[in-house]
Amino acid sequence: MKLTLKHTVAAVALALISGVAMAAEHVVEMKNSGADGAMVFEPGFVKAEPGDTVKFVLVDPAHNSVSVEVPEGAEGWQSAINEGITVTLNEEGVYVYKCTPHAALNMAGVIQVGEAVNYDSAKAAVDKLTAAAATNKDRLTGYFEQVKK
């Protein structure tokens, strides 16, 4: 069978459409109270693949989502207080984020995208957030323990 330019363009277009369709959207709720206690992202740990999105949804007021550690080449994010945000995660690695007004309560979370290429720097970020927290000391560490090297 002889492939023409038209067939090649169609095959490439189909591959691109298929790739977009395969990307998943993960929803993380920003809450005053959840399964893991007060002032929490739920779920606090997300396992994603490159190209997936994470949609941070405001359930209760006075929260935001701010990246603290992202893999090399990845863009960080910062939503305004009382606003959700959707982030596309294209780079493999571990993303650590927090809620600015509730960082002292260890309102933070972890996303692993593919391989944990920045494991050590992500662990350092988790340790720093946890050391500065007044409460919920084990919560973020527990989320990070789910990261697979």
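Where is His102 found? In this predicted model, His102 is placed in the loop between strand 7 and strand 8 (108–113). His102 counts as buried, because its relative accessibility is 12% and the cut-off for burial is under 20%. Leaving aside residues up to four places away in sequence, His102 touches Met39, Ala62, His63 and Met107.

One of these contact partners, Met39, lies in strand 2. Met39 is also buried, with a relative accessible area of 17%. The backbone of Met39 has a positive phi of about 50°, although Met39 is not a glycine. Most residues other than glycine have a negative phi. Asn82 likewise has a positive phi, near 70°, and is a residue other than glycine. Asn82 lies in the loop between strand 5 and strand 6. At 41% relative accessibility, Asn82 is partly exposed.

The overall architecture is as follows. The protein comprises 3 helices and 8 strands. From the N terminus, the order of elements is α-β-β-β-β-β-β-β-β-α-α. The protein has 149 residues, of which 39% count as buried. Among contacts with a separation of 6 or more, 64% are between residues 24 or more positions apart. The accessible surface comes to about 8100 Å². Carbon and sulfur atoms account for 57% of that surface.

The loop between strand 5 (66–69) and strand 6 also holds Ser79. Ser79 is buried, with a relative accessible area of 5%. Which residues does Ser79 touch, not counting those up to four places away in sequence? The partners are Asn64, Ser65, Gly84 and Ile85. Ser65 and Ser79 are 14 residues apart along the chain. Their C-alpha atoms are separated by 5.5 Å.

Charge pairing was examined next. Side chains of opposite charge can pair when their charged atoms come close. How many salt bridges does a search of the whole structure find? The search finds 3 salt bridges. Two partners of Lys31 are Glu29 and Glu42. In the pair with Glu29, the closest N and O atoms are 3.6 Å apart. Lys31 is buried, with a relative accessible area of 15%. Glu29 is partly exposed at 30% relative accessibility. In the pair with Glu42, the closest N and O atoms of Lys31 and Glu42 are 2.8 Å apart. Lys31 lies in strand 1 (residues 25–34) and Glu42 in strand 2 (residues 37–42), so this pair ties together parts that are 11 residues apart in sequence. Glu42 counts as partly exposed, at 22% relative accessibility.

A further salt bridge joins Asp127 to Lys123, with the closest N and O atoms 3.1 Å apart. Asp127 and Lys123 are separated by about one helical turn, because they are 4 residues apart in helix 2 (residues 119–132). Asp127 is partly exposed, with a relative accessible area of 37%. Lys123 is partly exposed as well, with a relative accessible area of 34%. Through shared partners, salt bridges join Glu29, Lys31 and Glu42 into one network.

Glu42 also takes part in a backbone feature. The peptide bond from Glu42 to Pro43 is cis, with omega near 0°. Most peptide bonds are trans. Pro43 is found in the loop between strand 2 and strand 3 (45–48).

Which residues form the negative surface patch? The patch is formed by Glu49, Glu72, Glu91, Glu92 and Glu115. Glu92 counts as partly exposed because its relative accessibility is 34%.

Terms used. Residues numbered from 1 in each chain as written. Predicted model: local features only at pLDDT ≥ 70, side-chain atom pairs only at ≥ 80, totals over all residues. Heavy atoms only, no water. Patch = residues over 30% accessible without salt bridge, like charges linked within 9 Å, V, L, I, M, F, W, Y side chains within 5 Å. Areas by Shrake-Rupley, 256 points an atom, 1.4 Å probe, with all protein chains shown as cover. Salt bridge = Lys/Arg side-chain N within 4 Å of Asp/Glu carboxyl O. Lys, Arg positive; Asp, Glu negative; His and termini not counted. Charge placed at Lys NZ, Arg CZ, Asp CG, Glu CD. Buried < 20%, exposed > 50% of the residue type's maximum accessible area, 1.4 Å probe, protein only. Helix = DSSP H or I, 4+ residues; strand = E, 2+ residues; numbered from the N terminus. Contact = heavy atoms within 4.5 Å.
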